[in-house]
Amino acid sequence: MVVFEITVLGANGGPTEYGTQCFILKPARTEDPELIAIDGGSGMHQLREMLVQGQHDNESYDEFVPSFYEHDREPIEFFIHPKLSIQKGLSKSLIQSLKRQEGHFESANITKQTFKVFQGITDYYITHPHLDHISGLVVNSPSIYEQENTKKKTIWGLSHTIEALQKHVFNDLIWPDLTAERSEKLKLKFLNSREVQKCTIFPWDVIPFKVHHGVGVRTGTPVYSTFYIFRDRKSKDCVIVCGDVEQDRRECGESLLEEFWSYVAENIPLAHLKGILVECSCPLSSKPEQLYGHLSPIYLIDELSSLNTLYNSSKGLSGLNVIVTHVKATPAKRDPRLTILEELRFLAEERNLGDLRISIALEGYTLFL
Ligand SMILES: [Zn+2]
Ligand SMILES: [Zn+2]
């Protein structure tokens, strides 16, 4: 049974500036056009693109995705595991609920529709304050003061995220401090690592975990990011959405990823783990000093092996969807997403992880988990 609908607004790990990380999530069966977002690297522009495409596509299915390496477009099956259920564009149930609840949605122009969909994103869960994870959200934020917009937005995050957004972004210098407006339409709110929080709009639990993401170039001190577990309280099904991450920095005396996987294995039966959206920014050939706080296939497979050991199932991690995001564009011959996918599949087999379903997160598509 499908529990989560996840639309990929952006999965790009830079250095190109377009379509950086942002996912929008909703329960599979809901009447309301409300959404939460994980990260805000992309936003209204991508929503508008998807609405335009929806107008022209109807049922016809575009089987090619933009690549710009060996060919400008490559067949979708190169990127997606055959058992992963996906659909191009925004989910049909979201569009249906908008048509039902907003009387004039269908007849409104694409820009009005874009504002309506965007208005439905009431909560952002940010993994860390790097620009590629917040730029869309920041630039889109004045739209909350549009007259027709009656909804508020809350930006959630661990202290490393919320403090940075307040001090360095919404500070009247880099961007107007919209959080200080009297109408209080934009709020910043703190989460605590490992603490279960009730999602305000869906019957879900949200559990954030602090993870390592490199060190400051100038300061040499650790940089942190966040993994989020979303758990449907009724079905107990979960999805994990990760921010940028690197392996544990043992020298800091913190085993953050190790603790995370232990929590997952102890609290989520494997059959209830519907998928993991996780970064794998760099190909196998990258040297450790070229990773800058990210994962390459060998490290991601190490992490999945740890999870596999903890679950200790005879079938390994068979059936688990691993969706890879944040691949960095490089001036290579081959699409690095395809290189990384091939390397991950090879290593997963070598390490006997079972029938893992590894795919690439594709911008402009909705995944059903
Ligand atoms: Zn980052
Ligand atoms: Zn990033």
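Let's start with cavities. This predicted model holds one cavity of 30 Å³ or more. A cavity here is a set of points, on a 1 Å grid over the protein atoms alone, where a 1.4 Å probe fits but cannot get out. The largest cavity has about 40 Å³ of space. That volume is the space filled by probe spheres set on the grid points, which are joined across faces, edges and corners.

Who lines the largest cavity? Glu-5, Thr-7, Ile-24, Lys-26, Leu-35, Ser-91 and Leu-94 do. Lining residues have an atom within 4 Å of a point. Strand E1 (4-10) and strand E2 (22-27) each give at least two residues to this lining. Strands are DSSP runs of E, at least two residues, and helices are runs of H or I, at least four, numbered from the N terminus. By class, the lining has three nonpolar, two polar and two charged residues. Nonpolar covers Ala, Val, Leu, Ile, Met, Phe, Trp, Tyr, Cys and Pro; charged covers Asp, Glu, Lys and Arg; the others, Gly among them, are polar.

Two quick notes on the ground rules. Residues are numbered from 1 along each chain as its sequence is written, chains are lettered from A and ligands numbered from 1 in the order in which they are written. The model is predicted, so local features need pLDDT of at least 70, side-chain atom pairs count only at pLDDT 80 or more, totals for chains, interfaces and linings use all residues, and side-chain values use heavy atoms, with hydrogens and water left out.

Now the largest pocket. A pocket is an open set of points with protein on both sides within 12 Å along at least five of seven lines. Its volume is about 710 Å³. The lining counts 31 residues, and Tyr-18, Pro-66, Phe-68, Arg-337 and Glu-363 lie nearest the centre. Helix H1 (44-57), strand E4 (64-66), strand E15 (321-325) and helix H8 (336-350) each give two or more residues. H1 has the largest share, four residues. The classes are 16 nonpolar, eight polar and seven charged.

On to the metals. Which residues hold the zinc ion (ligand 1)? The protein donors are His-128 (NE2), His-130 (ND1), His-213 (NE2) and Asp-244 (OD), at 2.2 to 2.4 Å. Donors are N, O and S atoms within 2.8 Å of the metal (3.2 Å for Na, K and Ca); water is not among the atoms, so sites may look incomplete. The angles run from 88 to 169 degrees, so the arrangement is irregular.

His-128 sits in the loop between strand E7 (121-125) and helix H4 (135-140), and Asp-244 in the loop between strand E13 (238-242) and helix H6 (256-267), so the pair ties together parts 116 residues apart in sequence. Both residues are buried. Buried means under 20% relative accessible area, exposed over 50%, partly exposed in between (1.4 Å probe, protein chains only).

The zinc ion (ligand 2) takes Asp-132 (OD), His-133 (NE2), Asp-244 (OD) and His-326 (NE2), at 2.1 to 2.2 Å. Its angles are 91 to 165 degrees, which makes this arrangement irregular. His-133 is buried, at 0% relative accessible area.

Terms used: Four donors count as tetrahedral if all angles lie between 85 and 135 degrees; four count as square planar and six as octahedral if opposite donors are over 155 degrees apart and all others between 65 and 115; anything else is irregular.
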